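Hi there,

Here is the structure I promised to pass on.

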Amino acid sequence: SLNTVENMYNVSALSWKADGSSLAVGTMCGMVDLYDACIRRYIYKNAFEITYISPHQAVIRSKDNNASSSTPAAHLTSCKGREIIKIKIYQDPTVKMDRFVVARTDGSLLFCDLESP
């Protein structure tokens, strides 16, 4: 979509967030705007934020207040470019903690361990 910003002249810098979910735009006049570039974002189990940055890519972050800001996010990508339809997070039965991510596309399953580096 087209976004018109009043008094924004001469864009001199663009920078994407590493996970692709936002874009920073800088101008010659010193103005900086930050745009959210995600398709959809929602809270799962009141513990995780799931952000779809494209139909086949999602980023999962813990909402835990005790987690440091350096806690890495999990990135899910369907290598075949298929749309991620559903994401669920399951508990590790040995420690009773949400840990395993299963995402479904129309032709595959994606698995992720939130505790692996």
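A cut-off to start with: a residue is called buried under 20% relative accessible area, exposed over 50%, and partly exposed in between. By that rule R99, with its 23% relative accessibility, counts as partly exposed.

Please keep in mind that this is a predicted model. The mean pLDDT of the protein chain is 86, and 91% of its residues reach 70 or more. Among the elements, strand β8 (residues 86-92) has the highest mean pLDDT, 94, while strand β3 (residues 32-36) has the lowest, 88.

Back to R99, then. R99 forms a salt bridge with D113, with 2.7 Å between the closest N and O atoms. Since R99 sits in strand β9 and D113 in strand β10, the pair ties together parts that are 14 residues apart in sequence. D113 also counts as partly exposed, at 23% relative accessibility.

The two strands themselves are worth a look. β9 (residues 97-104) and β10 pair in the antiparallel sense over five bridges, and they form a hairpin with four residues between them. Strand β10 (residues 109-113) has a covered face made of L110 and C112, and an uncovered one with L109, F111 and D113. The bridge partner of C112 is V101.

C112 counts as buried because its relative accessibility is 17%, whereas C29 is exposed, at 62%.

Salt bridges, on the other hand, number seven. One of them joins the side chains of R82 and D106, at 3.5 Å from N to O. This pair links distant parts of the chain, 24 residues apart: R82 is in the loop between β7 (74-77) and β8, and D106 in the loop between β9 and β10. R82 is partly exposed at 34%, and D106 is exposed at 62%.

Another salt bridge is formed by E49 and R61, at 3.8 Å from N to O. E49 lies in strand β5 (residues 48-54) and R61 in strand β6 (residues 57-62), so parts twelve residues apart in sequence are tied together. Both residues belong to a network of salt bridges that also links D36 and R41.

Beyond its neighbours within four places in sequence, S22 is in contact with residues including W16, L34, Y35 and D36. S22 counts as buried, at 12% relative accessibility.

Best wishes

Methods:
Residues are numbered from 1 along each chain as its sequence is written. This is a predicted model: local features need pLDDT of at least 70, side-chain atom pairs count only at pLDDT 80 or more; totals for chains, interfaces and linings use all residues. Side-chain values use heavy atoms; hydrogens and water are left out. pLDDT is the predictor's confidence in each residue, from 0 to 100. Buried means under 20% relative accessible area, exposed over 50%, partly exposed in between (1.4 Å probe, protein chains only). Contact means heavy atoms within 4.5 Å. Two strands pair if DSSP finds at least two bridges between them. A salt bridge is a side-chain nitrogen of Lys or Arg within 4 Å of a carboxyl oxygen of Asp or Glu.
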